[in-house]
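Biologist: Hi! Could you walk me through this one, please?

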Amino acid sequence: MHTESWLSAGTTLDECIKCNICTSYCPVAAVTDLFPGPKYVGPQAQRFRENGQIEMPDHAVDYCSGCRVCNEVCPTGVRISEINARARAQIVAKKGIPFRNRILARNATIARMGMIVPSLANFVMHNAFFRGIGEKVMKVAAKAPMPYWSTQGTFTDWMRHTAPRRLKSDKKVVYFHGCATESYEPYVGKAAVLVLEHNGYEVIVPPQGCCGLPLLSNGEFGTARKWHDDNLARLAGFARAGFPIVGTSTSCILTLQEEAPELLDIHSEPQQALGAATYDIFEWLRELHAKDELKTDFKPLKMVMPYHQPCQYRAHNIGAPSADIMGLIPDLDLRNGHLRCCGIAGTYGYKTEKYDIAMAVGEELFRYVKSQGSDVQMTACDSETCRWQLEHGTDLPSRHPIEIVATAYGLYDLEKRRELGM
Amino acid sequence: MTDILIIGAGLSGLMTAYTAAKAGQKTHVIAKGLGALHWTAGTVDLFGYPPGARTAPIRRPLDYIADTLTKEQPESPYALLGADRIAAALDAFQALAAEIGLAYYGAATPGDNLLLPTAAGAARPTYLAPAAQIGGDLARKDPMLIVGFDGLSDFYPRLVADNLARQGQPARAAVLPMALLTDRIDSNTLQQAAGMDDAQRRAKLIGALQQIVKPGERIGLPPILGLQQHATAFQEVQAQMGATVFEIPLLPPSVPGTRLFTALREHLRAMGVSVDAGMEVINAHSTPGAGSTPGHVAWVESATSTPRPYRHTAQRFVLATGGILGAGFNSDQHGRLWEVVFNLPLSVPQQRSQWFRPAFFNPEGHPVFAGGVRVNRALQPVDEAGGLLYENLWVVGDALANDDSILQRSLEGTAIATGVVAGQALALAWEGSLHAH
C-alpha cells in the first residue's frame with residue numbers, strides 16, 4: 001500500500017480534458033508500444049487507483065521515463081509526471097522493488113564504493129566481460145554509457161587540497177555538487193568554483209548526500225525521504241541564513257526544490273526555505289547579470305556548439321539560463337535544437353529492457369548534432385547522465401555549460417577538463 | 001530587454017508574434033501549455049453561420065462581415081477591425097503559410113466559403129484550408145473514394161461516404177490494413193502520419209490505393225499524409241495516384257493543427273522568437289489608471305519549480321490566452337468568471353443562471369461563450385464606458401468580447417485578423433515611442 005497522499009496529483013487530475021497533447025509530445029510513446037502515453041497511464045488510469053487497492057490498473061506506467069515533457073505541454077496544468085511517479089511507488093510498495101532497481105537507485109553508494117579503488121572500478125565497469133555478466137545477472141544494459149570514476153580524487157578532496165588558495169570573501173555562495181560531480185566528474189565542480197570565485201564569491205561546500213531522485217524515480221519513496229531529510233537538515237540552515245545554494249546538476253536541484261517535497265508531501269518551514277534558496281547555477285548567474293554584477297570579460301570561443309537543454313532543466317520553468325549566459329561569449333555559435341529528451345532519463349536507459357527505447361528517444365537529438373557539420377568538436381548539456389548519453393549517441397565529447405563559461409573566462413581547459421595554470 | 005511579451009501560444013499569439021517580430025520587435029511568447037491549434041482542424045474558419053439561424057452556411061463571409069455584421073454587431077471583433085483589415089490579415093497568413101511549406105487555399109470562386117467534409121460526412125464551412133484538405137471541396141461533384149484503415153478509431157469511411165451520398169455527393173468507402181501506416185499495436189493519427197514520413201511506407205500505401213481507386217475518383221483519407229515531411233508526402237501520393245487526394249481532419253490530437261503549430265514555432269524560432277511552454281503566469285504587476293490616464297503594465301511572473309516566480313519584463317504585453325474554452329478565463333461555483341492574468345473586466349453575466357440559454361444546441365448560442373474582454377479598435381482593453389485601461393496592453397483571439405467563435409465558426413479568422421492587426425499596432429506603438437523621444 002502506498003503511504004503518500006494523492007493530494008497534489010489528485011487536485012490537478014480533474015483538469016484533464018483528454019486532448020492527448022501530452023501523448024503527442026511524449027518522447028517514449030513516440031518510439032514504443034510498451035508505453036501507451038501519459039494520458040493513459042496518468043490521469044486516465046488514475047481514476048482506478050486509490051489507497052489500499054489490491055490490484056493496480058496497469059504496469060505500463062513503469063515505462064514512463066519521468067522526463068516531464070507531458071507537464072511542459074499540458075494546456076490545463078495536470079501534474080502527469082507526478083501522477084506516474086506516485087503510481088510507480090504504489091506498485092513498488094506492493095510488489096517490492098526489483099534488486100536491479102534497488103542498486104541503480106543507490107548510485108550514490110556505487111559512486112562512493114568505486115572511489116575506493118577507482119582504477120579497478122573503471123576496469124570492471126568498462127570491461128565487456130563484466131558488463132556482459134552485468135546484463136545477464138543484473139539486467140543492466142551492457143551498452144549503456146557508464147561514467148568513469150575519477151582517478152584524481154573526489155571533488156571534495158580537491159576542495160580540501162586547494163583550501164589555502166580558495167577565495168575568501170564576504171560574498172558567499174553554497175555549492176551543491178551532487179554525486180556525479182563528487183565521484184565521476186570533479187572537473188565540473190572545479191569549473192563551477194572557478195566561475196563563482198571569478199565573480200568574487202567564496203564557495204562553501206557543506207557535507208551533502210544524494211538528492212534521492214534515483215530512488216524517487218524507481219519508486220522507493222521511503223529511503224528517498226530519509227536521504228532528503230538528511231540534506232534538508234544540512235542545508236536549511238544556510239538557506240535561512242540567506243546564502244544562495246547553487247548546483248550544476250539540474251535534476252538534483254529540481255529534486256531539492258520541487259520533486260522531493262511534491263512527491264513526499266514535505267511542506268515544512270525548512271523545506272520552504274530550501275526551495276526558496278536553491279538555484280540552478282546559471283539561473284543564479286543570470287540574476288547576477290541582470291543586476292550588472294556578472295563579470296563579462298569573456299574571451300572569444302570560436303566553436304560550433306550544439307546545445308541540449310535537458311528535460312529536467314526545462315522543468316524548472318525558468319527558460320534557458322545557461323544558453324542565455326553562454327550567449328554572452330563572443331564567437332560561440334551555440335545551436336539549440338529544442339529536442340525533447342536524450343532518452344537516458346537518469347537510471348532509465350541503463351535498464352536492459354529500456355536501453356533500446358532510450359536510444360530510440362535520443363535518436364532525433366543525435367541526428368540533430370550530427371547534422372550541424374563536421375566542425376562540431378563537442379556538445380554542451382547541463383545534466384550528467386544526458387551528457388554521457390549524448391557522448392554515447394554521437395561519439396563526440398560533451399561538456400557542462402559551466403566548463404564552457406570557465407573556459408571563456410580563461411580559467412579552464414575545455415578539452416582536457418582541468419583548471420588552467422595548475 | 002524584450003519589447004513585446006505575448007502570453008499564449010495559440011494561433012492568435014503566434015500571428016501577433018510573427019507580425020511584430022517581422023516589424024523588428026524583440027518578441028517572446030510564453031504559455032502555460034500547448035493548446036488551441038492542437039485541438040482544431042487546421043483550417044481557417046472565418047465566418048460559417050449567422051447567429052440565431054442554424055440553416056445554410058454563409059456563402060461569402062467577408063461580404064457578410066462588411067454588409068451585415070458591422071451593422072448588427074458593431075462591438076464584435078470583426079466589426080471593430082473592418083473587412084479590409086481582415087482581408088489583409090488573411091493574405092498575410094496565406095503568404096506566411098506558403099513560406100513555411102504549408103500552403104493554404106480558398107474556394108475556387110474567390111471570397112466564397114469552402115464546404116469540406118467532416119469525419120461524420122457533414123459539410124463544414126471554412127474559408128481557407130491546407131493544400132491537403134482542399135481536394136475535399138464539396139462544390140466539386142466528382143465522386144469520392146473514402147479510405148479508412150482497419151482499427152483506426154474515430155474514422156469510419158462507410159459513415160462518411162453514406163452521409164455524403166445522402167447529400168448528393170457521390171462517394172463510396174474502402175478499408176485498407178492499418179499495417180500500411182504503422183507497425184504499432186495501438187497508435188493515434190499523429191503516429192500514423194509520422195509513419196508516412198517514410199518513403200517506403202508511402203510507396204506501399206500508393207500501391208494499395210492503386211488497387212482500389214477507380215478512374216475519375218478523388219481519394220479521401222484520414223489525416224495521415226506525413227508529419228515532418230507532410231508537403232513531400234502529400235505531393236508524392238497525389239502525383240503518383242494521378243488523382244486528387246485529400247485529408248479529412250479528426251479529433252484531437254489534430255494532425256493538421258499540429259503541423260501548423262510546429263511549422264509556425266520553427267519559423268518563429270528562426271526569426272529569434274522563443275515560444276516557451278510550461279510558463280503559467282501567476283502574477284501581473286501594473287499601475288492602475290487614474291482619471292483619463294490609462295494604467296501601465298510593468299511585468300508578469302510565471303510559476304517555476306521554486307517559490308521564486310520567473311519575472312518577464314517588457315515594453316508591451318499581449319494577452320492571447322483564449323477565452324472560456326482556452327485557459328484565459330476561470331470561474332467558480334458562485335457564478336464569478338474572471339480573466340486569469342490581468343483580471344480584466346469581462347462582458348460575461350456575473351450570475352450563473354444567465355450563463356446559458358435553454359437547450360445545449362441553442363441556435364442563439366450561450367451568453368457565457370460570447371463574453372470576454374472588451375477592446376477598442378486598436379484591440380486595447382477598455383472599461384464599460386470605453387476608457388482605455390492600460391496603455392501598453394493588447395488583447396487578441398478568443399478572449400475578446402462579443403464573439404461566439406464556436407457558434408459562428410470564426411475561431412481561426414478572429415485569431416489571425418486580431419493577431420496581425422495587434423502585431424501591426426504594436427510595431428506602430430514602438431515607432432510612436434521613437435518619435436516621442
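Modeller: Happy to. A helix here is a DSSP run of H or I at least four residues long, and helices are numbered from the N terminus. This is a predicted model. With that in hand, look just after α12(A), where G200(A) takes a positive phi of about 90°.

Biologist: Okay, and how does the span of α12(A) fit with 1.5 Å a residue?

Modeller: It agrees. Helix α12 of chain A covers residues 186-198, so its 13 residues should span 18 Å, and its end C-alpha atoms are 18 Å apart.

Biologist: Which residues of α12(A) are buried?

Modeller: The list is P186(A), Y187(A), V188(A), G189(A), K190(A), A191(A), A192(A), V193(A), L194(A), V195(A) and L196(A). Because 11 of the 13 residues are buried, α12(A) is largely enclosed by the rest of the structure.

Biologist: Nice. How far does helix α14 of chain A reach?

Modeller: α14(A) runs over residues 221-240 and reaches 26 Å from its first C-alpha to its last. That is close to the 28 Å expected for its 20 residues.

Biologist: And where does α14(A) bend?

Modeller: At R234(A), by about 35°.

Biologist: What do the buried residues of α14(A) pack against?

Modeller: Quite a list within chain A, including the helices α5 (80-95), α15 (250-264) and α16 (269-277) and the strands β1 (172-176) and β3 (245-247). Among the buried residues of α14(A) are F221(A), W227(A), H228(A), L235(A) and F238(A).

Biologist: Switching to sheets. In what order do the strands of the open sheet in chain A come?

Modeller: The four strands go β6-β5-β7-β8, and the pairing is parallel. Since β6 (332-336) and β8 (398-399) stand at the edges with a single partner strand each, one side of each has no neighbour in the sheet. Between β5(A), residues 303-308, and β6(A) there are five bridges, and M303(A) stands opposite L332(A).

Biologist: What leads up to β8 of chain A?

Modeller: A loop connects α21 (384-394) to β8, and D395(A) is in that loop. D395(A) has a positive phi of about 60° although it is not a glycine. It has 10 other C-beta atoms within 10 Å, so it counts as exposed.

Biologist: Which other non-glycine has a positive phi of about 60°?

Modeller: K139(A) does. You will find K139(A) in the loop between α9 (128-138) and α10 of chain A. K139(A) counts as partly exposed because it has 18 C-beta neighbours inside 10 Å.

Biologist: How is chain A split into domains?

Modeller: Into domain 1 (7-95) and domain 2 (303-419). Their C-alpha centres lie 27 Å apart, and 12 residues of domain 1 are in contact with 11 residues of domain 2. On the domain 1 side, helix α4(A), residues 69-73, gives the largest share, three residues. By class, that side has six nonpolar, four polar and two charged residues.

Biologist: And what are the domains in chain B?

Modeller: Domain 1 there is made of 2-95 + 259-315 + 356-436, and domain 2 is 143-247. The C-alpha centres of these two domains of chain B are 35 Å apart.

Biologist: How many residues does each chain bring to the contact between A and B?

Modeller: Chain B brings 29 residues and chain A brings 28. The chain B side divides into 12 nonpolar, 10 polar and seven charged residues.

Biologist: Last topic: what do β4 and β5 of chain B form?

Modeller: A hairpin, with five residues between the strands; in the turn, G121(B) has a positive phi of about 80°. The strands, β4(B) at 114-117 and β5(B) at 123-126, pair in the antiparallel sense over four bridges. L114(B) stands opposite T126(B).

Biologist: Which way do the residues of β4(B) point?

Modeller: L114(B) and L116(B) point one way, L115(B) and P117(B) the other, and all are buried. In general, side chains in a regular strand alternate between the two faces of the sheet.

Biologist: And which residues does the cis peptide bond in chain B join?

Modeller: P252(B) and P253(B), with omega about 0°. P253(B) is in the loop between β10 (245-247) and α10 (255-270) of chain B.

Key. Residues numbered from 1 in each chain as written. Chains lettered and ligands numbered in written order. Predicted model: local features only at pLDDT ≥ 70, side-chain atom pairs only at ≥ 80, totals over all residues. Contact = placed C-beta atoms within 7 Å. Nonpolar A, V, L, I, M, F, W, Y, C, P; charged D, E, K, R; others polar. Helix = DSSP H or I, 4+ residues; strand = E, 2+ residues; numbered from the N terminus. Expected span 1.5 Å × (residues − 1). Bend = angle between axes of the 7 residues up to and from the residue. Buried ≥ 20, exposed ≤ 12 C-beta atoms within 10 Å, placed from the backbone. Pairing = 2+ DSSP bridges. Domains from an automatic or database assignment.
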